[in-house]
Amino acid sequence: MSLDHENNGALHEKLIEEVLSQYPDKAAKRRKKHLSVATRRDEIGEAGKVLSECDVKSNIKSIPGVMTIRGCAYAGSKGVVWGPVKDMVHISHGPVGCGQYSWSQRRNYYTGMTGIDTFVTMQFTSDFQEKDIVFGGDKKLEQVIDEIEELFPLNKGITVQSECPIGLIGDDIEAVSRKKAKEHDKTIVPVRCEGFRGVSQSLGHHIANDAIRDWVFDKKEVEFESSPYDVNVIGDYNIGGDAWASRILLEEVGLRVVGNWSGDATLAEIERAPKAKLNLIHCYRSMNYICRHMEEKYGIAWMEYNFFGPSQIEASLRKIAKHFGPEIEDKTEAVIAKYRPLVDAVIAKYRPRLEGKTVMLYVGGLRPRHVITAYEDLGMEIVGTGYEFGHNDDYQRTGHYVKKGTLIYDDVTGYELEKFIEGIRPDLVGSGIKEKYPVQKMGIPFRQMHSWDYSGPYHGYDGFAIFARDMDLAINYPVWDLYDAPWKKKAVPPAAIAAE
């Protein structure tokens with residue numbers, strides 16, 4: 001159901017020139033490499049679709065003082081990869097601020113009894129003070145681990161999420177973890193995710209993946225009876241219940257989800273991951289590292305999937321089913337047919353209200369590309385998109401989704417994004433919480449696309465119905481008719497009133 005259109009590339013080129021003209025020459029030269037307009041590529045993708053080229057520099061250190069919207073390595077490890085693992089306690093090792101700021105902000109849903117056998121929405125910190133910086137925090141970390149074991153004996157393991165001071169003062173968290181793991185007979189994972197490492201939260205993802213490889217896999221005998229249709233869902237953090245929606249679909253087509261991590265995940269699901277037959281990766285950026293490792297060491301194939309919107313749901317289900325053969329393929333077609341009336345009803349209701357509406361996106365992970373066809377299934381047009389911490393291969397993959405003339409921006413600054421929005425005046429902007437209120441003050445509808453603005457799930461067929469409803473509510477909400485002051489509104493001609 002994708003749209004056949006081209007965006008206004010000339011306007012977008014002009015906007016880039018205007019933004020760069022406000023920078024000093026050196027800064028303009030650096031930022032120019034991160035801003036582009038998608039061009040047509042002489043290449044045909046899947047289903048005969050012509051691809052676009054998104055040629056920008058990425059994964060490079062931000063220019064100091066430009067108000068980047070990126071996070072840090074600690075945010076990538078604790079906030080994204082490890083935090084949602086529900087039966088482990090995650091210690092924010094360092095001053096209290098990092099743990100406080102990252103406390104429950106991602107809406108990672110889970111089942112269990114909080115404080116008894118699940119700990120996702122709790123904050124654990126070693127609360128570094130000045131004396132800990134001077135004399136070291138290893139003894140304090142040992143004490144914290146002992147207290148956790150006494151107060152929360154049903155936890156299945158502990159991770160030590162390092163904040164900046166830990167790396168600066170040289171604490172040996174690995175030695176402490178080995179000592180306490182032996183003492184308590186528990187899995188204790190030290191994660192060297194100090195915030196100063198790397199250029200964004202992306203390195204934190206990589207470090208967290210490596211910690212799984214080095215401290216969880218093959219550390220104990222895993223008793224698990226496998227089946228021919230076992231799959232791991234990797235890189236789905238169950239924001240608003242997304243992973244549950246994905247799991248329902250996969251189980252309906254006859255697969256068995258043996259690991260759903262790290263959203264609503266348990267340590268046991270991670271430990272048995274190497275026994276699956278296929279890894280299905282949702283957020284490629286944050287979890288491709290561990291998938292590649294499992295492919296190399298255990299021979300487990302992996303593939304990306306996209307459950308945003310019916311077009312991508314159907315394509316992904318068929319691609320997954322093809323890996324398992326005719327039996328799963330037949331069940332998949334039956335599932336697609338089962339949900340077709342729901343899809344048709346949603347599109348019939350919302351597409352007339354959203355047809356032709358324009359959208360600008362600026363998010364992290366996979367959403368700058370994965371959600372594009374969900375909007376297009378509703379008749380909407382993506383005029384600009386970009387990543388906070390994307391790499392070159394993310395922009396290559398984006399070429400499969402965007403149209404010629406689309407504005408592409410990497411690690412966009414606050415100033416750039418504001419000027420792009422002012423120049424394009426899209427009908428909707430999808431980005432993060434820091435961008436939400438300035439955009440709304442500009443009189444433009446906004447959806448928080450990091451955590452679904454307290455809604456969701458958006459995955460799966462039922463999620464598509466919620467997605468369509470939310471986009472309609474955002475764009476067609478009556479408050480936007482009140483944005484202009486009464487004395488600034490244009491008078492409506494009498495003839496127009498009569499015609500209505």
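Me: Which residues of β7 point one way, and which the other way?
Reply: T187, V189 and V191 point one way from β7. I188 and P190 point the other way. All are buried. The model is predicted.

Me: Why is β7 called largely enclosed?
Reply: Count its buried residues. Five of the five residues of β7 are buried, so the rest of the structure largely encloses the strand. Buried here means under 20% relative accessible area.

Me: What makes β6 and β7 partners?
Reply: Pairing needs at least two bridges between the strands. β6 and β7 run parallel and are joined by five bridges. They therefore count as paired. One of the contacts is between I158 and I188, its bridge partner in β7.

Me: How do you know that β4 and β6 pair?
Reply: The same test applies: at least two bridges. β4 (residues 88–93) and β6 (residues 157–162) share six bridges, in the parallel sense. The pair therefore qualifies. H93 stands opposite S162 in β6.

Me: What is the strand order in the open sheet?
Reply: The order is β5-β4-β6-β7, with parallel pairing.

Me: Why are β5 and β7 placed at the edges?
Reply: β5 (124–125) and β7 (187–191) each have a single partner strand, so one side of each lacks a neighbour in the sheet.

Me: What makes E416 and R31 a salt bridge?
Reply: The cut-off is 4 Å between a side-chain nitrogen of Lys or Arg and a carboxyl oxygen of Asp or Glu. For E416 and R31 the N to O value is 2.8 Å. That is within the cut-off, so the pair counts. E416 lies in helix α18 (residues 414–424) and R31 in helix α2, 385 residues apart. The pair thus links distant parts of the chain.

Me: Why are E416 and R31 called buried?
Reply: Buried means under 20% relative accessible area. E416 has 0%. R31 has 3%. Both values are under the limit, so both residues count as buried.

Me: How do you know that D394 and R285 form a salt bridge?
Reply: Their closest N and O atoms are 2.7 Å apart. The limit is 4 Å, so the pair passes. D394 lies in helix α17 (residues 392–398) and R285 in helix α12 (residues 284–298), so the bridge ties together parts 109 residues apart in sequence. D394 and R285 are buried.

Me: Which residues are linked with D394 and R285 in a network of salt bridges?
Reply: The network also takes in E304, R369, D393 and R397.

Me: How many salt bridges does the rule give?
Reply: The count comes to 37.

Me: Why is R30 called partly exposed?
Reply: The class lies between under 20% and over 50%. R30 has a relative accessible area of 37%, so it falls in between. R30 sits in helix α2 (residues 25–32).

Me: What makes the phi values of R107 and W452 worth a note?
Reply: Phi of R107 is near 55 degrees, positive in a residue other than glycine. W452 is also not glycine, and its phi is near 65 degrees. R107 is in the loop between α4 and β5. W452 is in the loop between β16 and α20.

Me: Are R107 and W452 buried or exposed?
Reply: R107 is at 14% relative accessibility. W452 is at 0%. The limit is under 20%, so both are buried.

Me: Where are cis peptide bonds found?
Reply: One joins W261 and S262, with omega about 15 degrees. S262 is in strand β9 (residues 256–262). Another runs from G456 to P457, with omega near 0 degrees. P457 lies in the loop between β16 (446–448) and α20 (460–476).

Methods
Residues are numbered from 1 along each chain as its sequence is written. This is a predicted model: local features need pLDDT of at least 70, side-chain atom pairs count only at pLDDT 80 or more; totals for chains, interfaces and linings use all residues. Side-chain values use heavy atoms; hydrogens and water are left out. Helices (H or I, at least four residues) and strands (E, at least two) are DSSP runs, numbered from the N terminus. Buried means under 20% relative accessible area, exposed over 50%, partly exposed in between (1.4 Å probe, protein chains only).
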